[in-house]
Structure formats: structure tokens, C-alpha cells
Amino acid sequence: MKLSTGFWQTYKEVPADAEIASHQLMIRTGLIHKAGSGLYNYLPMGLRSIRKVENIIREELDKIGCFEITMSVVTPGELWQETGRWDKMGGLMLRFKDKKDADLCISPTNEEAVTDIFRKTIKSYKQLPVTLYQINTKFRDEIRPRFGLMRGREFTMKDAYSFHLDKASLDVGYQALYDAYTAIFTRLGLEFIPVEADGGAMASSDSKTHEFQVVANSGEDLIIYSAEAKYAANIEKAQTKRAPTTYDMNVVPMKEVETVKTETIEAVCALLGQTAAQSLKSMVYTATTGNESKMILAMMIGDDSVNEIKLQNFLKCDHLAASSEDELKKAKLWKGYIGPFGLEGQLEIIFDNAVNLDASYTIGANKKDAHVMGFNPKRDMKKIIQADLRLSKAGDLTLDGKHTVVEKRGIEVGHVFQLGDKYTKDMKVGVLDQNGKLVTPLMGCYGIGVTRVVAAAIEQNHDANGIIWPKSIAPYDVYFATIVKAEEFAKIADEIYADMKKAGIDVVYDDRNVGPGNKFKDADLLGLPYRVVLGERDFGASGELEIIERKTGTVTKVKRDELISTLKNLLK
């Protein structure tokens, strides 16, 4: 593309609503254009990068025998009503009615639509397993869209769905997609970590599910990680052990102490001269299943926090939320002074596994301005329930106790699920097995946020001057900048541009009538892998051009007849 006639514009100003680097740089480099809240137009430079991501995805999925389809962006409400998600998805779905008063929505995801295709097409085990995928537009009406393409309302997504006769086949298919994802993100040139994840509403708690996280300081997700143990998990799913802890093993009679206006663990421990491990934190939740609710008291070591996903999975409840102040008052519980002693029968009490039941602790006295010292769970509780409730953190040990974990921040760009029969059962899908018996097939679901991948790549690869594109998804390979005035050298530059194009090198030719400073600033801002510079003075004196690598700043000088072969080697 010649910039003198090309459709491209850069901007010096940082958009007021752009909080993170990728959003700022995608606007400033003319990759995208904001159309509205959470809505973006993809401009030529940005679209080229998106298409490269899509092509890599297609190549890897086609290798393992997946079939590409395209489903309609608008889907009938009746499909969603079959699974109950018409109501459950709530405000995330953009719903409307057509002229016949039929319910429709703009698809936020396509489990129902693809299952409808499957049930009308596949009848026998002989046609299984099968995996269908599409790369298509999705819309989710986010309450607070932010971060540009990272969390927009409309986005491009690759969603794949596999169908299997049994769990063994599903496991094989899941691993094939997992391996394909690993290949995809490796080819994209990203630093990523596959992590164990919680399936949430998409999968049962015992199903396999992994997220593919791009490592970035601005990532919204927290990852618990040990390279030595080859362990990685989303903070919601992570299972670790506390580092060695010194407990108070002196069993003494309980004693009430005055703790006026001392409602936090830190304040209580400071007042009593104790460590956090000598106290228990009492967290009250309301768990709801159907129309029934109950209050739960989660007991944690003083410096630990509750992992609410783990607690909800343990309780097998539909909803879990911290109890409100009104609920606490009704139960006659004083916030900041709550403890388990005397509450058996009133609340369900669950101790975290890290609580040493033989040790003594300070707890709330269940009345204002007072705590109790010397509480011993084994002695002072009639019934004890323990479970893994704690939120993992840096400094914990892996479950085998051999390795210390660290925290990393990540951006979720892909997620793979085993859905089981969640959708096929609700939509009454059946296929005949080897014995002619009608069985319900199992499903897997596999998503990649295509436009989010582009944003995540920029978030991971940039500096103060602009983007540093991975080679595989850069809009172009080379930024060819010329510093020439004489017509003789302008002609040579045109010839070199033509040579690069003929050799299959994607090149941006900056032939604009602007100074070298502007050209070099735009080159760094756009961040293509290599910049080639033809300077009239240097080329006239030595016949050499400069190749500058964007990532390292390394400068290589080459003769004109060496340029193409050198670039091809660098771009491998």
C-alpha cells in the first residue's frame, strides 16, 4: 500500500475514554474507529490483522477435521426458550420481535443454533464425532463496555461445537481442540498460558474446562502459576496449600475480651498482639436454590479470603451472595464481631481446610465490641464441616507441597468446555447407537475471541513509541520509508517497492511528502516487524539501505540486490 494514496490516518491525541494501551494504540494507529459505546468499525490496517488471525485459526482447525459453517447472526427466540436461556441470559441479549411478532435475538453465542442444525442432520453414531465451527459476529449488551476491542458489545468470535456418542469420544475431541488452540496461539506469536478454569453456567463442576490466557500486566484475570510444577489455574479454580503456618497450639479456656470499634482482622490482631493465623475470619453468605435460601458461615484463617466459586460449587446452590446488612441484623449478627460459637443450628458453618482444628483462635463474640480468645474448633464445636474454600494467592504451595506459586495477570482469549448433555438433553436430541438404541449425544464448546486476540497481542507487545507486532499477525511485514528529493531516487524507491510486492512481501510504502521525523514516528507507532529506509544521501554514497527491526532496534545495512533475500530470512 502506498501511503500517498492509501486509506490510513494516525493521531497524536490519546482518546479520553481509552484506559489501556491496546485501546489507545488501536485508535491512534487507525486500526479501528469508534462507532458508539462498545461498537467499533474495523479499518483497513486493523482488518488485515484480524484476517490473519482468522486464517491461522482456520488452518489449525481444518487440520484436525473440523468443518466451517456460518450461522445467522439473528437467531429465533424459540431455540433459546427450549433451553431456558431466553430468560437466564437476561440483559446480555439484544432481543426484538419481527413483523409476525416472533421473538428474535442477535446471537451472543450459538449453542442452541448449532444443536438445532445437528438434530436435523445427524441421526446415527456412524456420523459421529463431528465438530462444526464458524468465525462470525457476536453481540453482548455489556452494561459497561470498556477497553476497546477487549470488552466491546459487538465482536468477532470463533466458536466451535463438537458432538460425541460418549464421554471417551468427548475426551479425545476435547484434547484435539486443546492441542489445536496451543498451536494457534503459538503461531500467533503470543506468550500464553493454558489454565484450569471454572465452567460456571456453561459446564458442570466436574467437566474439563481450560482458559487460554495471554500474559499481560493489564489483564483482568489473575492466574496462579508454577512453571516448575507445570501448574496454572484461574484464581477461581486454583487449588493450593498455605505456606507453612505457625498456629497457636495452646488449648486454654475461652475468654471474652473487649474490642471496642475494632471490626477488622488486622485491627483485632494488632490490639491483641496476635498474628493473622491466630484468628479466624467469619464470612456470612446467603445461598439460594430455587425458592429456598439459607445463611452460610464460612470460617477462614485470618489472612485468607473466601473463593466464592468454590463455596458455591461445594453447596451446589443456584446463587450465592454476601449476606446484606438487613439479613445480618435479622439474624442478630454484628458485622465485624461474628464467630461460630453459639451459632450451630442457626447457620450452616463450614471451616476451610486450612484451619487447623486442634489450634486455638480468636473469633467474634457475636455481640458488639467483643471477641473471644481461645476458641478451639475440635473442643468447642459439636459438628465440623470442612472444605476447600480459600482463594489461592502468591506464596502458596502446590498441592504436593513441593513448589511455590506466583501470580500473573492474563487476558482470556480462548476457552474450551466439555458441555456434556446440557443442550442436547434440553433440546431432545437423539442419535442411534451401535445397538439401535436412541441416546443423547454429548457436546464440547470451544471459543476464541478473534478481535480480542488482536487487542491482547498489542497489550502484550508495545512500548512508549507504539505497537510491536508479532510477525504472524502484523497488518504488513515491512514499513518502507524513503528520504528522497531527486526524481532519480524516487524512481529507484518505486522499483524497490515493486520488487518487494513481487516477492510476496506485504509492504507499506511511505512515499508521502512529509519529513523523515513524521515517517519514522508513524513507523514506530504502527510497529510493523521491520522498517526499510532508503536515504538519498546514504544510498547515493554506498548503495545501501537500512533494515531496522522494530522489536530490538537492530540495524542491518544491505545492498539493493540483498534486500529481498535478507527480508525473507528475517520474516521466516
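**Asp304 and Lys393**

I started with Asp304, which pairs with Lys393 in a salt bridge; the closest N and O atoms are 3.2 Å apart. This is a predicted model, so I read every distance here as a computed one. Where do Asp304 and Lys393 lie? I found Asp304 in the loop between strand S15 (292-301) and helix H8 (308-315). Lys393 is in the loop between strand S20 (386-387) and strand S21 (406-420). The two are 89 residues apart in sequence, so the pair ties together parts of the chain that are separated by that stretch.

Lys393 has a relative accessible area of 25%, so I put it down as partly exposed.

**Arg560 and Glu495**

I then looked up Arg560, whose side chain meets that of Glu495 in a salt bridge at 3.1 Å, N to O. Arg560 lies in helix H16 (residues 560-571) and Glu495 in helix H13 (residues 487-502), so this pair ties together parts 65 residues apart in sequence. Buried or exposed, or in between, for Arg560? With a relative accessible area of 30%, Arg560 is partly exposed. Glu495 is partly exposed as well, at 32%.

Then I went back to Asp304 to see what else is linked there. Salt bridges with shared partners join Arg242, Asp303, Asp304, Arg390, Lys393 and Asp396 into one network.

Arg119 forms a salt bridge with Asp116, and their closest N and O atoms are 2.9 Å apart. Both sit in helix H5 (residues 111-119), 3 residues apart, which is about one turn of the helix. I also noted that Arg119 and Asp116 are both buried. How many salt bridges are there by this rule? The count comes to 40.

**Arg85**

Arg85 was a quick stop, in helix H4 (residues 85-88). Its relative accessibility is 9%, so Arg85 counts as buried. I found the side chain of Arg85 in a polar contact with the side chain of Glu111, at 2.9 Å.

**Nonpolar cores**

I turned to the nonpolar cores next. The largest has 61 residues, and those with the most contacts inside it are Leu31, Tyr181, Phe185, Leu188, Trp469 and Tyr479. Which element gives the largest share of this core? Helix H6 (residues 167-187) does, with 8 residues. Domain 1 (21-239 + 408-458) and domain 3 (476-571) both give residues to this core, so I noted it as lying between them. I also logged a second, separate core of 27 residues; among them are Met295, Ile301, Ala331 and Leu333.

**The cavity**

A search of the whole structure finds 1 cavity of 30 Å³ or more. The largest cavity has a volume of about 50 Å³. Which residues line the largest cavity? I listed Tyr479, Ala523, Asp524, Leu528, Tyr530, Arg531, Ile548, Glu549 and Arg550. The elements giving two or more residues to this lining are helix H14 (516-526), strand S29 (530-535) and strand S30 (544-549). I had already met Tyr479 among the residues with the most contacts inside the largest nonpolar core, and here Tyr479 turns up in the cavity lining too.

Definitions and conventions
Residues numbered from 1 in each chain as written. Predicted model: local features only at pLDDT ≥ 70, side-chain atom pairs only at ≥ 80, totals over all residues. Heavy atoms only, no water. Helix = DSSP H or I, 4+ residues; strand = E, 2+ residues; numbered from the N terminus. Buried < 20%, exposed > 50% of the residue type's maximum accessible area, 1.4 Å probe, protein only. Polar contact = N/O pair within 3.5 Å; in protein donor to acceptor, adjacent residues only side chain to side chain. Core = buried A, V, L, I, M, F, W, Y, C linked by side-chain atoms within 4.5 Å. Domains from an automatic or database assignment. Salt bridge = Lys/Arg side-chain N within 4 Å of Asp/Glu carboxyl O. 1 Å grid on protein atoms, 1.4 Å probe; cavity = no way out; pocket = protein on both sides within 12 Å on 5 of 7 lines; lining within 4 Å. Points joined across faces, edges and corners; volume = space filled by probe spheres on them.
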